[in-house]
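I would ask you to keep the sequence and the structure in view while I speak.

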Amino acid sequence: IYQLLLNSSLSTEVSEFLLNCLVRSPRWQLWLSLPLCLLFLLAMGANTTLLITIRLEASLHEPTYYLLSLICLLDTVLCLTVIPKVLAIFWFDLRPISFSACFLQMFIMNNFLPMESCTFLVMAYDRYVAICKPLHYPSIITDQFVARSLVFILARNTFLTAPIPILSARLHYCGKNIIENCICANLSVSKLSCGNITLNQIYQLILAWTLLGSDLILIFLSYIFILRAVLRLNTKGAAAKALSTCGSHFILILFFSTILLVFVFTHLAKKKVSPDIPVLLNVLHHVIPAALNPIVYGVRTQEIKQGIWKLLRKGSDSRK
């Protein structure tokens with residue numbers, strides 16, 4: 001009888017998952033919740049401000065700022081997909097997540113992160129043309145170029161990343177439903193299944209190195225060409241001005257790639273670090289760049305600062 005009950009319980013379909021978020025370090029939940037909430041609010045406010053400024057300020061209706069607004073939009077969606085659920089777990093212990101919501105979160109995370117790296121690649125090309133081929137910039141970097149880039153970003157990443165949640169959702173989940181993570185990461189979810197997950201693991205590994213790896217390599221190659229072109233400039237102050245135009249973009253890439261690389265290396269050395277460290281880094285990667293990116297651009301870009309001040313003055317004048 002016991003064996004029959006055991007077999008019947010194992011064959012029961014899983015309808016929801018439980019997210020075990022930093023359960024090995026319960027004190028972290030309390031201490032992390034406040035800075036995480038502040039970073040989330042900062043990310044939402046800063047990205048919304050930047051999107052509204054670019055939308056309403058006519059002087060910012062240029063290809064560079066259209067690409068920046070895409071970064072802001074992707075960051076906003078990623079933040080909203082991950083952080084509210086993590087805070088709900090920290091504050092109210094709301095660990096359950098439905099089957100469909102889990103795989104929707106998985107799709108957004110696996111789709112939007114490569115979209116962001118691909119957008120950084122297009123922005124790097126924009127800076128390369130601006131520095132290395134300034135006379136041809138208006139004819140190369142046009143609104144049509146941005147539209148074609150947007151189609152490429154959406155098509156490439158949606159087509160290549162959609163199989164990840166599909167492969168994971170098609171697995172048979174028949175007993176375990178506790179995810180040792182704060183989010184529905186593909187490998188954390190799929191290892192709960194009763195089936196073979198080798199295909200999931202291989203596809204995820206190949207895709208991560210192919211998409212993110214190739215994007216980052218091409219981005220840094222473009223900056224090598226930019227640096228070489230800048231060092232050849234003989235005009236006084238031209239080199240400093242050229243570096244300043246792409247400095248904000250390079251800082252954004254460093255935010256994105258540094259946390260990503262630390263996350264990868266901690267996963268590779270998981271036997272030497274606490275299992276909670278990669279989980280924490282994965283959460284922070286969805287909020288820290290999102291909070292800092294618009295601030296860096298807002299502080300370093302004169303046109304954006306002027307656009308924000310114009311909107312603030314219009315708002316104050318309308319109240320009077």
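I shall begin with the chain as a whole and then turn to its sheet, its salt bridges, and several individual residues.

Please bear in mind throughout that this is a predicted model. The chain contains 13 helices and 3 strands. Of its 320 residues, 47% are buried. The chain exposes about 17,100 Å², and carbon and sulfur atoms supply 69% of that area. As for contacts, if we consider those between residues at least 6 apart in sequence, 80% join residues at least 24 apart.

Let me turn to the sheet. In what order do its strands lie? The order is β2-β1-β3, in an open sheet of 3 strands with mixed pairing. The edges are taken by β2, residues 96-98, and β3, residues 178-179; each has a single partner strand, so one side of each is left without a neighbour in the sheet. Strand β1, which covers residues 16-19, runs antiparallel to β2, and 3 bridges join the two. Within this pairing, Glu16 stands opposite Ser98 in β2. A helix also belongs in this picture: α4, residues 99-132, lies across β1, β2 and β3, and runs at about 85° to β2.

I come now to the charged pairs. As a general point, side chains of opposite charge can pair when their charged atoms come close. How many salt bridges does the structure hold? There are 4, and I shall describe some of them.

One of these joins the side chains of Glu57 and Lys310, with 3.5 Å from N to O. Glu57 lies in the loop between α2 (26-56) and α3 (63-92), whereas Lys310 belongs to helix α13 (residues 302-319), so this pair ties together parts that are 253 residues apart in sequence. Are these two residues buried or exposed? Glu57 is buried, because its relative accessible area is 7%. Lys310 counts as partly exposed, because its relative accessibility is 37%.

A further salt bridge is formed by the side chains of Asp215 and Arg156, at 2.9 Å from N to O. Asp215 sits in helix α9 and Arg156 in helix α6 (residues 143-161), so here the pair ties together parts that are 59 residues apart in sequence. Both Asp215 and Arg156 are buried.

The side chains of Arg127 and Asp126 also meet in a salt bridge, at 2.8 Å from N to O. Arg127 is buried, and Asp126 is buried as well.

Ile224 is exposed, because its relative accessible area is 53%, and exposed means over 50%. Together with Ile217, Leu218, Leu221 and Phe225, Ile224 makes a nonpolar surface patch of about 470 Å². In general, an α-helix has 3.6 residues a turn, so residues three or four places apart point the same way.

How many of its residues are buried? In this helix, residues 276-284, the count is 8 of 9, and the helix is mostly covered. The buried residues include Asp276, Pro278 and Asn282, as well as Val279 and Leu280.

Three individual residues remain. Thr76 is buried, because its relative accessible area is 13%, and buried means under 20%. Leaving aside neighbours within four places in sequence, Thr76 is in contact with Met44 and Asn47.

Next is Ser188, in helix α8, residues 186-190. With a relative accessible area of 14%, Ser188 is also buried. Not counting residues up to four places away in sequence, Ser188 touches Ile179 and Asn181.

Finally, Phe255 is found in helix α10, residues 238-268. Which residues does Phe255 touch, not counting residues up to four places away in sequence? They are Pro289, Leu292, Asn293 and Val296. Phe255 counts as partly exposed, with a relative accessibility of 24%. The C-alpha atoms of Phe255 and His285 are separated by 8.8 Å, and these two residues are 30 residues apart along the chain.

Thank you for your attention.

Methods
Residues are numbered from 1 along each chain as its sequence is written. This is a predicted model: local features need pLDDT of at least 70, side-chain atom pairs count only at pLDDT 80 or more; totals for chains, interfaces and linings use all residues. Side-chain values use heavy atoms; hydrogens and water are left out. Two strands pair if DSSP finds at least two bridges between them. Helices (H or I, at least four residues) and strands (E, at least two) are DSSP runs, numbered from the N terminus. Contact means heavy atoms within 4.5 Å. Axes are lines fitted to C-alpha atoms, for helices over the stretch in contact, and angles run from 0 to 180 degrees between N-to-C directions. Patches are made of residues with over 30% relative accessible area and no salt bridge: like charges are joined within 9 Å, nonpolar side chains (Val, Leu, Ile, Met, Phe, Trp, Tyr) within 5 Å. Accessible areas come from the Shrake-Rupley method with a 1.4 Å probe; for residues, only the protein chains shown count as cover. Buried means under 20% relative accessible area, exposed over 50%, partly exposed in between (1.4 Å probe, protein chains only).
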